[in-house]
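Please read them beside the coordinates.

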Amino acid sequence: MPSPADLRLGFIGGGRHATANLYPSIALAGGRVVSVATRSAVGAAAVASRFGAERAYGSYEAMLAADALDAVFVSIDPADQAAVTEACLRAGVDVFVEKPLGLTVGESARVADLADARDRRVLVGFMKRFAPAYATIRDLMADRRRFGDPMGFRATFAFSPWTDQLRDDTFLLFAAIHVVDLVRSLFGEVTEVAGFRRSEGADITMAYALRTAAGLVGTMDLASLAAWGRGHEELTVHGTQGFVTATDQREVRYHLDLAQPDDPPRWQALDEATTVLAPAVSTGSGGMADLYHRGFVGEVAHFLDCVLTRRQPRCSARDNVATTALCRRILDCP
């Protein structure tokens with residue numbers, strides 16, 4: 001049976017995110033990049049040499065024309081990703097593309113339509129779906145006997161802006177979209193949105209209340225402020241019989257209200273238990289632990305498996321249309 005190592009992978013892009021997170025994750029997931037394309041042949045050659053690719057090109061068009069590839073990774077300027085993804089689909093390859101795929105709902109839908117028409121797979125890089133911390137939350141929520149019915153949630157996402165040109169729309173579409181997509185992934189489609197935002201250049205705060213089709217109610221607290229240079233994210237889910245909190249994708253705490261005897265009265269006993277899950281910290285990780293905990297290796301492994309099995313990824317181009325639409329609804333709030 002074919003394995004990820006048998007796939008011929010191309011990569012369009014050689015920026016900081018691509019080289020720090022995606023190229024290494026491909027190797028950890030068992031894949032191999034054979035061709036690299038960037039806007040500069042010299043730059044492409046440097047990236048190819050660094051990651052062991054066989055060929056380098058100064059344009060993605062040249063790479064697609066010259067190489068018979070099974071799939072292509074795209075991590076470039078967000079404004080260009082939809083058009084480049086379409087070019088890859090027309091070339092007959094499956095695509096892993098970084099978010100956002102499309103700056104508008106129409107642009108996102110056009111890519112999804114083309115992927116469907118060409119029977120190709122497109123995975124949009126929402127790596128938080130594959131982070132072990134959030135997978136743990138998903139599993140706990142699914143255990144209705146122990147966790148009960150999910151009732152509500154509270155999501156927090158804060159970081160320091162990487163450019164003074166950041167604005168409400170780019171903050172939401174380029175960064176906080178991860179939280180928007182995670183909310184959709186865990187809790188289902190959002191039917192109502194209300195909230196406020198305050199912006200002073202790249203200093204941005206947003207606070208929104210949401211209701212889902214399944215009846216959950218929750219909040220999203222989003223911030224782009226210099227004070228959050230270390231970054232912070234937290235997600236709490238309330239169930240009728242338990243609650244769980246994931247903090248910075250490195251720790252999960254949950255409590256389940258399991259039936260306890262009333263003799264002696266509960267307030268006299270020490271039977272309220274909280275389970276804490278955290279990774280083992282070791283120099284043996286070689287610095288790779290972050291790629292697993294943040295979900296990068298998981299999303300790449302999922303994509304490669306979808307290419308091999310010809311099934312649609314969980315965060316497909318079609319699914320991405322709904323995430324983009326929700327972002328636009330949020331931006332349309334007063």
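1. Helices (H or I, at least four residues) and strands (E, at least two) are DSSP runs, numbered from the N terminus. Pro100 sits in the loop between strand 5 (94–97) and helix 5 (105–118). The peptide bond that leads from Lys99 into Pro100 is cis, with omega near -5°. Most peptide bonds are trans, and most residues other than glycine have a negative phi.

2. On the basis of the note: this is a predicted model, in which local features need pLDDT of at least 70 and side-chain atom pairs count only at pLDDT 80 or more, while totals for chains, interfaces and linings use all residues. Residues are numbered from 1 along each chain as its sequence is written, and side-chain values use heavy atoms, with hydrogens and water left out.

3. Overall fold. The chain has eleven helices and 14 strands. Its radius of gyration, taken over C-alpha atoms, is 21 Å, close to the 20 Å from the globule rule (2.2 Å times the number of residues to the power 0.38) for 334 residues, so the chain is as compact as a globular protein of that length. The C-alpha trace spans about 75 × 50 × 40 Å along its principal axes.

4. Of the 334 residues, 48% count as buried; buried means under 20% relative accessible area, exposed over 50%, and partly exposed in between (1.4 Å probe, protein chains only). Contact means heavy atoms within 4.5 Å. Among contacts with a separation of 6 or more, 66% are between residues 24 or more positions apart.

5. Surface and charge. The chain exposes about 15,200 Å², and carbon and sulfur atoms supply 53% of that area. Accessible areas come from the Shrake-Rupley method with a 1.4 Å probe; for residues, only the protein chains shown count as cover. The chain carries 35 positive and 40 negative charges, and their mean positions are 3 Å apart. Lys and Arg count as positive and Asp and Glu as negative, with His and the chain ends not counted; each charge is placed at NZ of Lys, CZ of Arg, CG of Asp or CD of Glu.

6. Which residues does His178 touch, not counting residues up to four places away in sequence? They are Lys99, Gly125, Phe126, Met127 and Lys128. His178 belongs to helix 8 (residues 168–187) and is buried, with a relative accessible area of 7%.

7. Arg184 is likewise found in helix 8. Is this residue buried or exposed? Arg184 counts as buried, at 7% relative accessibility. Beyond four places in sequence, Arg184 touches Arg129, Glu189, Asp319, Ala322, Thr323 and Leu326.

8. Positive phi. Two residues deserve a look at the backbone. Asp119, which is not a glycine, has a phi near 55°; it lies in the loop between helix 5 and strand 6 (122–124) and is partly exposed, with a relative accessible area of 43%. Gln249 has a positive phi of about 60° and is not a glycine either. Gln249 is placed in the loop between strand 12 (242–247) and strand 13 (251–256), and counts as buried at 4% relative accessibility.

9. Cysteines. A disulfide is taken as a pair of cysteine sulfur atoms within 2.5 Å, and by this rule the count is zero. The sulfur of Cys306 has its closest cysteine sulfur in Cys315, at 8.5 Å, which is too far for a bond; Cys306 is buried, with a relative accessible area of 0%. For Cys333 the closest cysteine sulfur is in Cys327, 12 Å away and again too far for a bond. Cys333 is buried, with a relative accessible area of 9%.

10. Pro132 lies in helix 6 (residues 132–142) and counts as partly exposed at 39% relative accessibility. Leaving aside neighbours within four places in sequence, Pro132 is in contact with Tyr292 and His293. Pro132 and Ser35 are 97 residues apart along the chain, with their C-alpha atoms separated by 30 Å.

11. Leu258 is located in the loop between strand 13 and strand 14 (275–277). Leu258 counts as partly exposed, at 44% relative accessibility. From Leu258 to Ala5 the C-alpha distance is 46 Å, and the two are 253 residues apart in sequence.
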